[in-house]
Amino acid sequence: MSTSDLISKTILFVKQNLENAEGGHDWFHIQRVYKNALLIAQEETCDIRIVQLGALLHDIADSKFHGGDETIGPKIAREFLESENVNQETISHVINIIENISFKGGNFDKKFSSIELDIVQDADRLDAIGAIGIARTFNYGGFKNRPLYNPAIPPNSKMTKEEYKNNEAPTINHFYEKLLLLKDKMNTETGKQIAHQRHHYMEGFLAQFYAEWEGNK
């Protein structure tokens, strides 16, 4: 099977599987990450087929929506790729990307490394910051019925992986517990450049938010 045919089939598979997904983790999130990954890959020496498959399948079953089970996504991705007769080396690489891409409170040591993982991870992190990142954060906060902000509940940037997974803090706290940390965790030069601008945008948003909260603007 040609790469273009495989990618077309993968896109259709992901669209069908994420048809009813939460707005910040739906097909359009995947599409944005895919586009980000292709942009970053232009400046890197990499296997573009693995980048494409990793970006498309990285959130096929986010553990947040499956009781915290981190094995479901890799399992679904593997079964799909095997059904399309993709070689085992490629499948293994894509599964490693899925298993090692997440932030997990910043306390997760990657057990695998490759330029393809670096590219997809940067692409995914870019979608978590900037204007889209802000929109996704409040969308998920609403989905979980969390308060916008509570000055009595300070952010905790030192959470363990389990604490991060079970965190129910106000939405604003998520900026300090994840989003504002991502700029300095980017892997590629392209990712770093884009992240810098999006980080600055979030800082401006937070300044405006607090000013409005206090009735100063």
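Select D184 and K183 first: their side chains form a salt bridge, N to O at 3.1 Å. This is a predicted model. Color the pair by accessibility. D184 is exposed, with 63% relative accessibility. K183 is partly exposed, at 23%.

Next, go to helix α10, residues 189–213. Show K192 and E189. They form a salt bridge, with the closest N and O atoms 3.5 Å apart. The two residues sit three apart in α10, so about one helical turn separates them. An α-helix has 3.6 residues a turn, so residues three or four places apart point the same way. K192 is partly exposed, at 35% relative accessibility.

Now select D127 and R136. Their side chains meet in a salt bridge, 3.5 Å from N to O. Are these two residues buried or exposed? D127 counts as buried because its relative accessibility is 1%, under the 20% cut-off. R136 is buried as well, at 14%.

Last stop: helix α3, residues 48–57. A side-chain oxygen of D47 comes within 3.1 Å of the backbone nitrogen of R49, at the start of α3. Then select the helix itself. How many of its ten residues are buried? Nine are, leaving α3 mostly covered. The buried set is R49, I50, V51, Q52, L53, G54, A55, L56 and L57. Which helices do they pack against? Show α1 (3–17), α2 (27–41), α4 (72–83), α5 (88–100) and α6 (115–126).

Key. Residues are numbered from 1 along each chain as its sequence is written. This is a predicted model: local features need pLDDT of at least 70, side-chain atom pairs count only at pLDDT 80 or more; totals for chains, interfaces and linings use all residues. Side-chain values use heavy atoms; hydrogens and water are left out. Buried means under 20% relative accessible area, exposed over 50%, partly exposed in between (1.4 Å probe, protein chains only). Helices (H or I, at least four residues) and strands (E, at least two) are DSSP runs, numbered from the N terminus. Contact means heavy atoms within 4.5 Å. A polar contact is a pair of N or O atoms within 3.5 Å; within protein, one must be able to donate a hydrogen and the other to accept it, and residues adjacent in sequence count only if both atoms are side-chain atoms. A salt bridge is a side-chain nitrogen of Lys or Arg within 4 Å of a carboxyl oxygen of Asp or Glu.
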